[in-house]
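Colleague: Can you walk me through this one? I'd like to start with the strands.

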Amino acid sequence: MTSEAATAAIPALRSDQLFVNLGPQHPSTHGVLRVGLTIEGEVIVKAVPDIGYLHRGTEKLAEARGYHHCVVLTDRWDYVASMPNNLVFCLAAEKLLGVKATPRADALRVMMCELNRIASHLLFVGTYGIDIGAFTPFLYAFREREMILDLFEMVCGARLTYNYIRLGGVMVDVTPEWTAKLKEFLEYFKPKIDEYDQLLSYNPIFMARTQGVGLITAAEAVSWSLSGPNLRGSGVVYDARKADPYCGYENYDFDVVVGKEGSCWDRYFCRVTEMRQSVRIVEQVLAKLPEGPVMAAGVAKIPKPAPGEAYAHVEAARGDLGVHLVSDGGVSPFRMHVRAPSFLNLAILQEKLVGMKISDVIALLGSTDIVLGEVDR
Amino acid sequence: MIGYFSKVYKVAAALVTGHLITLKYMLKPSITIHYPTEKLTPYERFRGALTFDAATCISCSMCVKACPSNCIALENAVSEAGKKVAKVAWYSIDFGKCNFCRLCEESCPTKPKSVWHSLDYEVVFASRDEMVRCWKKDFPFIGKYFDRRTQDFKDPEGQVCIHEVPPRRS
Amino acid sequence: MTAPKPAPAKAPLPEPVLNRKNGILMADRRWPTDQWAHPWSLPGYRNGALMLAGIILGILGGGALIGELSKWGDKLYALMAAFATAKGISTVAVDAVWVAIKVLIVLHVILVNGLWSIWWERKISAHIQSRVGPTYAGGFHGWAQTICDGIKLFLKEDITPAAADHWVHALAPAIVIAPCIAAFAPVLFGTDLAAARLDVGTLYVFAFAGISVIGVVMAGWASGNKYSLLGGLRAAAQIVSYELPRGFSVVPVIMFAGSLDLSVIADAQSGYWWGVAPRWFVFYPVVGQVAFLIFLIASIAETNRTPFDIPEAESELVGGFHTEYSGMKWSVFFLAEYAYVLLASFLLATFFLGGGGSPLPWAPFTLVPSWIWMLSKAMFMMFVFLWVRWTLPRLRVDQLMDFNWKFLLPWSFANIAVAGLYLAFWLK
């Protein structure tokens, strides 16, 4: 009996598709993301990401607040790395106001953003480890992240929502004790990245789980408008810090890290390697920190920019974060729009999840490193 | 065949390296602190719960304007002659709305600051009423809250330990 | 503790009400760099080292106690038999009582092991992760934490979901734990110290340990939860598959020992090569180590622990098959898991680490009773279980199967073949 005949002889197995809600309360959706999964066995047939559980209407709120007040709102987009959020709004508003930050403020902005990138990537490394099932790297990553948060607390008083970068400069200057602490941290941190590599990145089980999983080709990444490590993991060399330098990034020597095939491991390893690059940048900033004031003169208490538009974008920890501000000459923006990288990175999931296994869904979802505060805004 | 065995060896070696790292940290002292019995002192610039000092306040409303979330409210005191004086009649902060952004403190023109972030990070509230702290003439240092059920001002209990941390005020 | 700076006002502010007096303020942040510079200067570190020493002594003392008590067993039995003959009671009744006593003892081994190993796992995992784990319950290093949790679990509401298949849902934990208890019957706690001496002890243990998977599948199916269902099905596939390499990896040991009896296997490892190196099966070149590793890996997979915890897979399936369980039913699953870890530890010690034999042939070591050696080896293997769990990430289902069928199983077959060569040319 041929195999075909054998199959024909068996009455068709009655199989059913299951609908599984992955989230909004699920250990590995990194916030309140809900993915409606239709599964057959363990294979995904259809995936519908459902967002909006954390919508706070920041863009609308900005229309009723002054420019100084809006900086506070920006802290809440990407709460894991809010320095770049502050920065991008301030850059856009400064364009509107025609103000230029002082050199020392620029250097401090770069330093804080890079430190925050390290903190954010550390969080990613830890939580991605948990997604894949290794609990211990999470605590190790948090141990180091805690030191960065301590540094932020020393300089601006907050550990998560900094409100540090202001229109025309930064809130306060750093102290020599802080710089000493930062140097201590950098010396401590550099060997720790190698440890993450040994413990997690080059762990054979971790590599088996993530290499070759969730492949996103360069063309797909570009056409879905991915940015940040998700784009670079696919091998596209694009980094706003190099492509469109701001705050004097052109003065610092660093490499744009790209992956090879666009697998989950590539995206993960991009971030790990970016931490090394960020350490390099911070060291360079520390070496040539210019003297001077940290706040530019001429920023009014209640700024009223001339009517017009401005767009600024920075390379935030999760990708290309942009802010489009429209002013009608009033005390608050007429319109603010945020190009949130997490939101755009999330969009590719609905196509990429189909055909994967449930374990791979977690691997891909984790590797895009979304923050729902930024997705829903 | 050699390739297969070398791969097996490499995988095993990588796994063993990971185990050695975890063993290394197991033998090192742990880095956590025991929170309720050991408390961290925040750094000097820490932005904790807002505190208000009615004695120095000149009732200029700068903090009210600076606040991005409208959590501060105050009313000018009125002299017996019916004229406004540079004192507050009452001052309230809604911690339910507070962003801990330091804008009010920066805008305060008095020296020392009349409204400032203390180092208190243990701000816990049992009810929504407790979140709105009120300062009047004889109200204590950490303010009182207005209980809507009993319709009177009460001392917040059990959650503010501002006394335990040195205040930062400049 | 400093009072708030009084305001420079004419009317001084009233003194703030002191609400919380507990706790001390840390002078400054202790960064890892400070913490690790001089570990012995930290009181917590010294206490921890003391605690570890105490635990090791406690294990040894506990082992000694059990062992010493076991010496009284024969006397007790003789006493009971004499009493029975004097009163004219059938010896069957005496045997029944005797078996009941032994069953109770073994049952308590499992229960106490649950208390002990959950606490131990918490402490080990905490210290691996630079934490401290439970510290408050019981006062000293949180020794009473599991007891408190146990009381909590007893008092918790027993929830059965509306969509659940009630009978199967309630029966599943029992089917998980019962074979687990039964499997402990022939397990050696020392030289010739077991509840029952069975000729086919090895087969018996494996046979009973394999039954528990039915309970897991039942739990997954009956919960009426899709995640549980996936977890249950994964567990079925996994545990059934890993039975094979687990069984085959012991075949060389059985070949060397020439018996399925656990006591004979342990005794076969007595003696020393060149008067120094113990003749444990793990030290047989290549075959021993390969068999040991395969058995260890398969045991980890059998107990559903990371890296093979796909049936639970917290980050994927929330809790897997025990998502919908609460209270005592839930804790029974955990009791079974830890009992299986203990079982695997004792089996590893028996099969590969020489049972109750001393590792060195000299006086202070050989004088130590066998049950202490047995328990120390088992506890060391339990530590290895925890260590592996808290280091490695989780495999995917298909990789798990690949690893089993394409790696472990061929290697265990090859191992048997090489063991045959050893028997043919070296050991005969």
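Modeller: A term comes before that: two strands pair if DSSP finds at least two bridges between them. Strands (E, at least two residues) are DSSP runs, numbered from the N terminus. This is a predicted model, where local features need pLDDT of at least 70, side-chain atom pairs count only at pLDDT 80 or more, and totals for chains, interfaces and linings use all residues. Residues are numbered from 1 along each chain as its sequence is written, and chains are lettered from A and ligands numbered from 1 in the order in which they are written.

Colleague: OK. How many bridges join S4 to S6 in chain B?

Modeller: Four, between S4 (residues 84-94) and S6 (residues 132-135), and the two strands run antiparallel. Tyr91(B), for one, has Trp135(B) as its bridge partner in S6(B).

Colleague: In what order do the strands of that open sheet come?

Modeller: The order is S3-S4-S6-S7-S8 in chain B, with antiparallel pairing. S3 (72-78) and S8 (152-154) of chain B each have a single partner strand, so one side of each has no neighbour in the sheet. From one strand to the next, the twist averages 35° (angles run from 0 to 180 degrees between N-to-C directions of axes, which are lines fitted to C-alpha atoms).

Colleague: Switching to chain A. What joins S6(A) to S7(A)?

Modeller: A hairpin, through two residues. Nine bridges link S6 (residues 308-316) and S7 (residues 319-327) of chain A, again an antiparallel pair. Within that pair, Tyr311(A) is opposite His324(A) of S7(A).
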